[in-house]
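Subject: Structure for you to look at

Hello,

I am passing on a structure that you have not seen before. Please open it first; my notes follow below.

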Amino acid sequence: MRVNEKYSTLPAEDRSVHIINICAIEDIGYLPSEGTLLNSLSVDPDAECKHGLYFRDGRRKVDYILVYHPKRPSGSRTLARRVQHGDAAPAARGTRQDQPLPGKGDVGAAGGPEPPMDYHEDDKRFRREEYEGNLLEAGLELERDEETKIHGVGFVKIHAPWNVLCREAEFLKLKMPTKKLYHINETRGLLKKINSVLQKITDPIQPKVAGHRPQTTKRLSYPFSREKQHLFDLSDKDSFFDSKTRSTIVYEILKRTTCTKAKYSMGQGEGRKKDSALLSKRRKCSKYGITSLLANGVYSAAYPLHDGDYEGENVEFNDRKLLYQEWASYGVFYKYQPIDLVRKYFGEKIGLYFAWLGVYTQMLIPASVVGIIVFLYGCATVDENIPSMEMCDQRHNITMCPLCDKTCSYWKMSSACATARASHLFDNPATVFFSVFMALWAATFMEHWKRKQMRLNYRWDLTGFEEEEEAVKDHPRAEYEARVLEKSLRKESKSKEKRRHIPEESTNKWKQRVKTAMAGVKLTDKVKLTWRDRFPAYVTNLVSIVFMIAVTFAIVLGVIIYRISTAAALAMNSSPSVRSNIRVTVTATAVIINLVVIILLDEVYGCIARWLTKIEVPKTEKSFEERLIFKAFLLKFVNSYTPIFYVAFFKGRFVGRPGDYVYIFRSFRMEECAPGGCLMELCIQLSIIMLGKQLIQNNLFEIGIPKMKKFIRYLRLRRQSPPDHDEYGKKRQRYEADYTLEPFAGLTPEYMEMIIQFGFVTLFVASFPLAPLFALLNNIIEIRLDAKKFVTELRRPVAVRAKDIGIWYNILRGVGKLAVIINAFVISFTSDFIPRLVYLYMYSQNGTMHGFVNHTLSSFNVSDFQNGTAPNDPLDLGYEVQICRYKDYREPPWSEHKYDISKDFWAVLAARLAFVIVFQNLVMFMSDFVDWVIPDIPKDISQQIHKEKVLMVELFMREEQGKQRLLGTWMEKDRKKDEPCNSHGPKAGLDSPEYPGGAL
């Protein structure tokens, strides 16, 4: 049998076949001829070795799988339908078949008692039958398998024959390689030598994949056309369209094919009429293809197949196994990714994600090196830092004011020596340079990715993808169409109600009936969802997002209160070691609480963002994805960074002063920064949250949850399957094995965790120069973890064409711009960089930093404490304290305007604001300069694209010239044939301008 054979009119007795038996066939719109086939299933004895990758004939490849849960049909309806169809060949149809077909009832059961009817299950079955009949009309070939190793699950295997692939490839404008080969322009001179040296150096870290090395030749690509098949190399039709392209084509047909013709007739009775109307309405409201059928439970899953197994001794070599060995294994973490093979197997959209992740990880290498150098510089100069030396010098004997009311006592500044020395590791002049460097790094990374993206677009033949992208963008979602149809039905019912109350003339009744019949179609075509229809959803979105942000702020406030109360409680502890480590203990425990809350809220906010996007009912998939990304990013951004923003910009800013502190709820005194500033605490907060999210959320969750789900599915199948489950598991077909895998849920979670990490790396990098290093180490594992998940844990996703990473690029640019502003404020307000410069150039007497600590501390007379706020044990230090110090720029108690803000405060504030303005504008200008200097499209790629266009024009010109020469040759032959016949009248033959001899 030929591969594209689908129908046959031979009698069923003459062939070992399965007869199609679609219930409600009269409702689908065509009558079956005797012996119409669903498939020609002449079983190939060698087909079992294909492991479910082919039909039973062993030749037609399975391009897509539909999964459903078969139920016993209603016997009386099946029998009635058979009688109605004139089923005169029961013997032929009653022969034993290898697999039962849905809707094929038992004739003998008709005489027995009528089983209880499940209208909803029957409706699903009828819709499946109608939909599969429409798929057959579209040219696809189907084969059903219900005798599977998985209990209660049936599979429909779909194969696209050659003529359907050609037709759809032309509709989708798929670019396919032609026979024409051309040479790619190679670098010359010094660049060629450098490239050859780099290739030799990087050879050990290149994956062992065919075609991974730079190619010197490339095939000219052209959108596939059935009229120009001679341009393409069709010597091997089976491999011309690869499995990724075949599944994409089938998926487009599945989305486009509808089932809206069938009517559910359930006999008489008011209850049945209501159910029939309800089912008819549901069917009308879910007319768009496979997405609606999946949402309504008609099918439980739909997916393309993996190429085969990825491990095992007797496994045939395939792309999945190659990806597992050279990409999805932790043993090859040091190698480049085989991006072209990833794109070939998973499609352009997933290929672009892993390419972007690879570029981001590579760019983290120089950032990590510079961050390590900055950190080492801080370690090398910590003993030369005069402010920290003064804080650690016990000879200064600086007595500090209590950190809390009553329970806290006075303390020596030298007790904060360790914190001050650690602060210098991150708060030194090199961090300013590192902030500027990271801002330029972010701009360079974005430009480098744009250039890499253009190279991939050229290599993957995506340079002319705009038209196709627009076509995909305008395709409406099933949920949107359902809402539109519901709205049109409501309008139609309202118009009927109005007409019912208006008297009609008998002469206009026929005209009115025609208008009524056409009303549904007209309304469906014109009706759209407006902002009034979406207004409740918009209000719900706004209220929900504001509420979620308020919840995040409330949790941060709760953690603040925890810190304040815990610090006060620990201060009453009798152990000196506990009291000396109050700040470290409180900070560490509070950060851990923040981390746990962030991880939990991240999961909750992801679900809430999806629900809020669904109730908006966006028109297209692109719009749905962009709105979901925006909401999820906004909520997760606020959730992840609010505790860090508090420490960076709010802690210690609104404390007040001794004798006039600021209180929360009139009970909790606002906490202060350490004498060395809040930068060290910001570093602790950032490092723990970043490392905790990467370790727990990104890695443990991604490894543990899929393993746990897989184990639960195994236990469930073991309960449902026969006792010899293990033996059955060994014999499972490919589509059965893939059904047990997790469905692909999109790339949004993968991008989201990387964008949040990008924010940790860039937004507060001034406080934590080692952030790029930890991000690099995480990403090396993340790439292989994601790769392993895609290859081994997930069903194969449908390949989606894309030429860029979409809205994520704009988010990255926004985070990069925001990072410049935030780092400017961190350096000027959170660190002591600006106060040191002001002191050095305005107040230092000898041009050194000696005396800086004393300059930043103000004095307070302990007699000015408010009642009930003075320490309970004023002699805790062993002597009576009359003057204590606190960190602020205020007038001393002996001044005329005691405790007022001093002039030094305004000088430092002016310097801080000036630094923010200069730093922000300078770095923004440098970033824009980098953006301007580096072209988005590499010069060699633009030349190659131009060369392709010229070669394509030359190819068609040659083809046209060949046609003209062939036509001229034929005309010359016709002229020579007619010359002997017209030898008696040569002039007449010469005078005939078009047809020699006047012959037609």
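In the largest nonpolar core there are 115 residues, and those touching the most other members are Phe346, Trp356, Tyr360, Trp441, Phe445, Phe764 and Ile805. A nonpolar core here is a set of buried Ala, Val, Leu, Ile, Met, Phe, Trp, Tyr and Cys residues joined through side-chain atoms within 4.5 Å. Buried means under 20% relative accessible area, exposed over 50%, and partly exposed in between, with a 1.4 Å probe and protein chains only. Helix 13 (residues 348-381) gives this core its largest share, 14 residues. A second, separate core has 44 residues, including Tyr68, Tyr131, Leu135 and Leu140.

This is a predicted model: local features need pLDDT of at least 70, side-chain atom pairs count only at pLDDT 80 or more, and totals for chains, interfaces and linings use all residues. Residues are numbered from 1 along each chain as its sequence is written, and side-chain values use heavy atoms, with hydrogens and water left out.

Leaving aside residues up to four places away in sequence, phenylalanine 764 touches, among others, Tyr641, Phe645, Leu682 and Val826; contact means heavy atoms within 4.5 Å.

Valine 918 lies in helix 32 (residues 903-933); helices are DSSP runs of H or I, at least four residues, numbered from the N terminus. Valine 918 counts as exposed because its relative accessibility is 54%. Its C-alpha atom is 9.1 Å from that of alanine 824, 94 residues apart along the chain.

Serine 942 belongs to helix 33 (residues 939-981). At 34% relative accessibility, serine 942 is partly exposed.

Regards

Notes:
Helices (H or I, at least four residues) and strands (E, at least two) are DSSP runs, numbered from the N terminus.
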